[in-house]
Amino acid sequence: MSEATPQASRSSLLRALGSLSSAHLTRFKMRNGKGSAQAPVLQFTNCRILRGRKLLREDLWVREGHIVDPEKLFFEERLVADQQRDCGGCILAPGFIDVQINGGFGVDFSQATEDVGSGVALVAQRILSHGVTSFCPTLVTSPPEVYHKVLPQIPVKSGGPHGAGVLGVHLEGPFISREKRGAHPEAHLRSYEANAFNDVLATYGSLDNVRIVTLAPELGRSHEVIQALTARGICVSLGHSVANLRVAEEAVQSGATFITHLFNAMLPFHHRDPGIVGLLTSDRLPPGRHIFYGMISDGMHTNPAALRIAHRAHPQGMVLVTDAVPALGLGNGRHTLGQQEVEVDGLTAYVAGTKTLSGSIAPMDVCVRHFLQATGCSVESALEAASLHPAQLLGLEKHKGTLDFGADADFVMLDDSLHVWATYISGELVWQAEEARQ
């Protein structure tokens, strides 16, 4: 995969990053002779910031973990920056948000251990180097006892030096199609009984920490489940399904807003019935309803032509996901994914003994770069597919996925080829490239 030569020089990036320190964000200053302690104002200069779908040559101002308006600082509070940081001409983009990640670095979120939290914390820390500042730990189809033990151990948690923030759990299965189960174990798939939502609660237990549920809309009584989940503020995603377009449209009318890894584990596009894929251009969605779709842009799951078709049909709905498995970062060999064994061969993960794809081993920054190269889209579009769009999907666009004034100061510093040089959460430096420390 070829990438453009960075315009921002390596030496200038190294000089800029070498001067950055989280310690600068912990000091306080006396102001205006009033004796009150106020948080310092940090100004990032010599950068291009992604704002309003454009890369703008503007400074980024941060105070108390949020992006601030410099005009209000100066004209209303009579304040200037306490510290300035020269970014060496690099790009500052909102931190990446991964809404489908099954684990990584040997950690399997679908394993019912006594200390699930420590595994989540390890992944949260390691994905900082890939620009991810928030994520949804994802559980694949599992028996009820696994959900009951694991889910209470993965609470929503703010990000920081310890790692990326947890936005809530993504439950992928077990209410999915047997025919399109993919790497999900058939023995643990479920359908709904007479009181469908009670079956959901019996299977998962508490939904307090759940943010997304992937289900197959063609299962009987799924519409009442979709309505009940969305009434609780849980995002419903359609996936691992043989649903036709009419059934998919009815699911969106009931409240579904997302499609799990488009093209994978669903009926292929057909001109007389495009299936779930047809939602990207459907004219039968509720007024104002916006459909989002996940895309695994790892170079293995989706042909570049399919990436281009989806993006050109509905660019504002594209959400890049890794669908990373516990083998992420480990290399070839056998690993777990919930109740299944996975074999990694080169850049591909399969259910052991088969040729069934079993998630990805590509981190988010690799997916962003491949998406940019494969589609020929703008840098802005590639970055927003990993930041703004997942934030919009989860209703967090006022705080995450944006560098607008008032938003959380979660951002990533990138060179022109979109390699990560530093990651910030709440304005604090939480990771930087090894070269920058020299």
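Phe44 has Arg85 as its bridge partner in strand S8. The model that shows this pairing is predicted. The strands involved are S3, residues 41-45, and S8, which run parallel to one another and are joined over 4 bridges. In general, the strands of a sheet pair through backbone hydrogen bonds, in either a parallel or an antiparallel sense.

S3 and S8 belong to an open sheet of 4 strands, ordered S7-S6-S3-S8, in which the pairing is mixed. At the edges lie S7 (66-67) and S8 (83-86), each of which pairs on one side only.

Two helix pairs can be followed next. Helix H5 covers residues 196-204 and helix H6 covers residues 222-231; their axes come within 8 Å and cross at roughly 60°. The crossing of H5 past H6 is right-handed. On the H5 side, Ala196, Phe197 and Val200 make the contact, and on the H6 side Glu224, Val225, Ala228 and Leu229 do. Sorted by class, this contact of H5 with H6 holds 6 nonpolar residues, 1 charged residue and no polar ones.

The other pair is helix H8 (residues 304-313) with helix H9 (residues 364-375), whose axes come within 9 Å and cross at roughly 85°. That angle makes H8 roughly perpendicular to H9. H8 contributes Pro304, Leu307, Arg308, His311 and Arg312 to the contact, while H9 contributes His370, Phe371, Ala374 and Thr375. In the contact of H8 with H9, 4 residues are nonpolar, 3 are polar and 2 are charged.

Note on methods:
Residues are numbered from 1 along each chain as its sequence is written. This is a predicted model: local features need pLDDT of at least 70, side-chain atom pairs count only at pLDDT 80 or more; totals for chains, interfaces and linings use all residues. Side-chain values use heavy atoms; hydrogens and water are left out. Axes are lines fitted to C-alpha atoms, for helices over the stretch in contact, and angles run from 0 to 180 degrees between N-to-C directions. A crossing is left-handed if the near helix is turned anticlockwise from the far one by less than a right angle, and right-handed if clockwise. Contact means heavy atoms within 4.5 Å. Ala, Val, Leu, Ile, Met, Phe, Trp, Tyr, Cys and Pro count as nonpolar, Asp, Glu, Lys and Arg as charged, and the others, Gly among them, as polar. Two strands pair if DSSP finds at least two bridges between them. Angles under 35 degrees count as roughly parallel, over 145 as roughly antiparallel, 65 to 115 as roughly perpendicular and the rest as oblique.
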